[in-house]
Every structure is written in C-alpha cells, then in structure tokens.
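Work through the exercises below with the sequence and coordinates at hand. Each task is followed by its solution.

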Amino acid sequence: MTGALLPLTVAVPLLAAAVLAMVRGTRFPRRAMLVAVLIALLAGNASLAGVVRDGRVLAHDVGSWPGGIAISFAVDLFSALMLTATALVTLVCVAFAAATDVGRNRFFGPLVLVLYGGVCGALLTADLFNLFVFVEVMLAPSYVLISVFGRSSRIAAGRLYAVVNLLGSTVLLIGIAAVYGLAGTVNLGDLAGSGRESPAMAVAAGVVLIAFLVKAAAFPVYGWLPNTYPNTSPAVAALFSGLHTKVAVYAVYRIYAVVYDGDPRYLVVLVTIATITMAVGVLGAVGESTTGTILIFNMVSGIGYVLLGVALFGPMGITAGMFYLVHHMVVMASLLLSTGAVLVTYGSQYLEELGGVARREPLLAAAFLGAAFSLAGVPPFSGFVAKFAVIRAAVAEGQYVAAATALVVGFVALVSVLKIWHWVFWGRMPKEGAQRHRSMSLAEMPRVRPVLIVPALLLTLISLGMGPGAEPVLAMTEQAAQGLVDTATYVEEVAGQ
Amino acid sequence: MTVALGIGILVTGGVYLLLQRGLVRVIFGFVLLGHAANLLLLSSGGTWLREAAIVGTADPERMADPLPQAFVLTAIVITFGVTVYLLALAGSEHGSDDDTERSR
C-alpha cells in the first residue's frame, strides 16, 4: 500500500455521502449501503494499521504539488489506531441509530458519512490549516445532527454547541495566522521543533493548543459539553463522544509532539489542566440526576486522563494516554448506548422516573454494568489496565498529585455510575415512570428491542477483551508512542522539500 | 499599523458582542471576530508585498504571498456558512433566546 491511497480514506466517505443523499425509495437500501460503506472503511483502516505497525510513516502530497502548498496526508501508527477505533465506534452507533427513529431520517446517513470523512481528514492531515478545514468539515454536519435529532431542548443545545465550536475555530484560525506569520509555513514537518527553539513560536502554537483544549472540553472550558450532548438523541451523543473531543485530543498530542518536540518546560501547564479536568468532571457527575449528564461529566473526567498521558510526555505516559483514549472511546459509546436504549424505550433519562430495568432486561443491564466497571477501572476490564498504566506513568514521572487524583477519581466515578445502576437498573419502576409512558401498568410497558441491546453489549465485550488481552493493544500503543517521542520519521516523511 | 489597529478594533467589538445575551448579537460578534481573524491571516503573509502574484507581471520579490489569501478565502466561506446556520437557529421557533434552563 502506498501513500497515494491515503486520500481515499477521506474521499470514499464524502463521495458515499453524496451518493447516499441521492438514493430515494425505501429505507432498506440506504441503511444497507451506509453499513456496507462503513464496514469497508473499517476494513481499510484496520489494514492501514497493519501496514504501519512496524513504525513506518506513509505520506502523500495530494496532486503531487510541491511541499508546503500541497494538502499533505500522513499516517503513522497513532493515527491508524485512531482511524480504526473511529470507524468501529461509528459503525456501532450507526447500527444503533438505524434501529431508532433517528435512522429513518433520509439525511442521517449522508450527515454521518460527512462527519466521518472530516474526522478521518483531521486525523490524517499533516498541515495546520488543513487540520482547521477538516475540523470544520467534521463540525458542519454535527451542528445539524445535534439540533435535528433529540429532545425539545435540542435547539438550545445546538445553539450552545455551534457558538462554542465557532469560537474555538476562530481562536484556532488566529493561532494559525500567528504561526504562518512567524514561520511562513503551516506544514507540521517544517514546523517540527520550532516551538522548542523560539518562544514566539511557542506562544503562537499555544493559541492553537488552547483552541483544541476548548474543543476537547478540558478545564476550564468544559461546561458546554454536559449542556449539549445529553439533549440530542442517544445515538448521536454516543457518536460525538467517540469522535469529536477525541479528535481534539489527538491534535493536542500531535502538535505537542511535533511542534514543541515534547518540550518539558510547558508540561506543568498540561499536567495542571489534566489533573483539574479529571477532578471537576467526576465531581460534576456525582451531583447530576439524569443518566446523560452523569455519563457526559464522566467523559470530561476521562478527557483529563487522556490529556495526562501527553502531559507526562515520555514513552510510558504517551503509551498509557493512547491506550486510555481507545478504551475511553469504546466504553463511553457503550454506556451512552445502553442508557440510550433505556431512554428510547421508556422515554426518560431522569433517574427518579426509572427503575427495575435489570429485572426486565438482564442482558442490557450486564452490558451497562460491565462498561460502568470498566469506566471506573475495576479489573478485569480495559479501564483497569488504562488507569493502572496512567497512574504508573504519573508516579514514574514524579507527578504524585496527578497520580493520587487519578486514583481517587476512579472511586468517585464508580460512585457516580453506581448511582445510575441503583436508580435505573435496580429496584422497581416507579408508578409515575410507567404513567409517563402512557401505558398504565408495568406489564404493558414495552421491552427493549434486542437490536438496541446488541451494540452496547458488543462494545462492552470489546472492553472486556481489552482487559486480559491488553498486551497486544499496549504493544501497539507503545510502538505508536515511540513515533511521537521521536518524531524524526514523521517529520522526514512530511516536511516539504 | 493600520491593519493592526483594524484588527484590534474588530476584536474589541467582536468580544463585546459575544458577551451579550441575545443570540443575534453573539452572531454579529462572530462576524466581527471572523473578520479580525481573516485580516490577521492576510497580514501574516506580509502587508508590504503589494504586487499581484501572477508569474511574469512583477518582480517575484515584491509579489504578495498567495497562500494566506487562499487560506482567507477558505476561512471566509466556512465562517459564512456557519453564520447563516446560526442565524437559522436563532430564528427557529423552538425556545426563546434565553435558554439557560435545562428543560426535559
């Protein structure tokens, strides 16, 4: 496989979106095509990961324009891993959406494919301005997805979401302008190490990092996340949780590794942000009273763990952070889909209106409980390995406050998800909840359809598999981390001649 | 200097409007802020380079840098699209401008 095929990763979903938007007629062909395209993309991305497994970097300048002008794409093991995880989460969320009313909208498929294409572009591009463009390609369909599907408060959520992201994008653009003004290039290969050499460059790239930290929902600008995601439909929330903030975190990893060359002078800022994000996220989760907000606050907390990985810049820290990133994408999607199945079936995500789901739906309860234990870091799930790796790296780097915070936050996260378990899955369905659902007696309540249970169960099983079988995944993230600690190969492939 | 002053005024106005309550004002704030970012991007190519960037028409040393101009063109299109979408959201019937309460 040569680098010349890389643009296909972006072009195929975008073209498929165009074709899918034109397909009329019954629902079945559209859904079948959407799922088929995503399966093909997952296979393609997985094979890409196989190709770059040994630490190679594939790069390609689109249209073979000379370096610095061309849209350059590059893939290393880190981006390949992210691409594979992205395709997997998208596929599972689309399967869930197809079974709910979201999937009946003709434009759902095309929107998701454009979103997915934008994410792939952002993960592959080796150029700051194209990163901005692909982030916008990813956001444009998201603005629509968040305010078309979901509850009555979705328009308000859509406004907040669009405003925060537009502000983030404007700051990003200002940062890129500063970088171009200083360096005369936005190619990551040509910018390599410049943040370490010149303080002015460090400030300019810092503006770019701030924009991405806003988009990643890191402290102090995280409040928009719990106010937007829970208001949209569960399938869309799960999709966003797997894709959006993770792309921003990926950009932070990439920029800090390449532009700053892992400069240890600024790491203290990142450690502080990561530690506070971990703590405030989980503290917010404990106080919430709907399943959506509890989970999304936990997601903020998870972003803190992932950021701690890059903040401890070194082979151990980055390996741990990458493993946590993949684990977090899978587990958050699983949790949002299992509680989403409850929301779709019983029409509520308020804790006091729900109960007794475990007795009626043991499989769904098992999927939720497994993912909840994984989120909190209980063995044998992947969360234990991920948390252990992050804490071990923090202790090795002498960041004892961060390590202690990571440990305590795990326990509080367990408390917050057990709150959902206690109110939603345990006990009995309260009368008001049943009445809210128009059917007066519990016996008449609808069952959760199996198609809604399978996606969450599948993701929980993947998380379970990544626990005892963590070794191969850790080996891959270790190899990927090597590519970020020593960026020579990446820079050599990407830099303009 | 003129460009720097212009950017400063645009950012000031943009930030002031962003901090207002109504969504329409916030959108106008984004319009100003977007223009400021575009001007900044344009000036990053060097404002002293004034000749058209067409081969054979001028001394290459005095030609304007075409790359930031291409950047700005892309950025204008994106900002314009999102602004129109935001205006549509502001005009939608559901909910008032004041949406601090989290409703069911």
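**Exercise 1.** At what angle do the axes of helix α5 and helix α6 of chain A cross, and within what distance do they come?

Solution. This is a predicted model, where local features need pLDDT of at least 70, side-chain atom pairs count only at pLDDT 80 or more, and totals for chains, interfaces and linings use all residues. Residues are numbered from 1 along each chain as written, chains are lettered from A in the order written, and side-chain values use heavy atoms, without hydrogens and water.

Step 1: take α5 as residues 128–148 and α6 as residues 154–183 of chain A (helices are DSSP runs of H or I, at least four residues, numbered from the N terminus).
Step 2: the axes, lines fitted to C-alpha atoms over the stretch in contact, come within 9 Å and cross at roughly 175°, on a scale from 0 to 180 degrees between N-to-C directions.
Step 3: α5(A) is therefore roughly antiparallel to α6(A) (angles over 145 degrees).

**Exercise 2.** Compare the span of helix α18 of chain A with its expected value.

Solution. Step 1: α18(A), residues 400–425, has 26 residues.

**Exercise 3.** How much area do chain A and chain B bury between them?

Solution. Step 1: buried area is the accessible area (1.4 Å probe) lost on being put together, summed over both parts.
Step 1: the two chains bury about 3,000 Å², 70% of it on carbon and sulfur atoms.
Step 2: R159(A), L166(A) and Y180(A) supply 24% of the area that chain A buries against chain B.

Notes. Helices (H or I, at least four residues) and strands (E, at least two) are DSSP runs, numbered from the N terminus. Angles under 35 degrees count as roughly parallel, over 145 as roughly antiparallel, 65 to 115 as roughly perpendicular and the rest as oblique. The expected span of a helix is 1.5 Å times one less than its number of residues.
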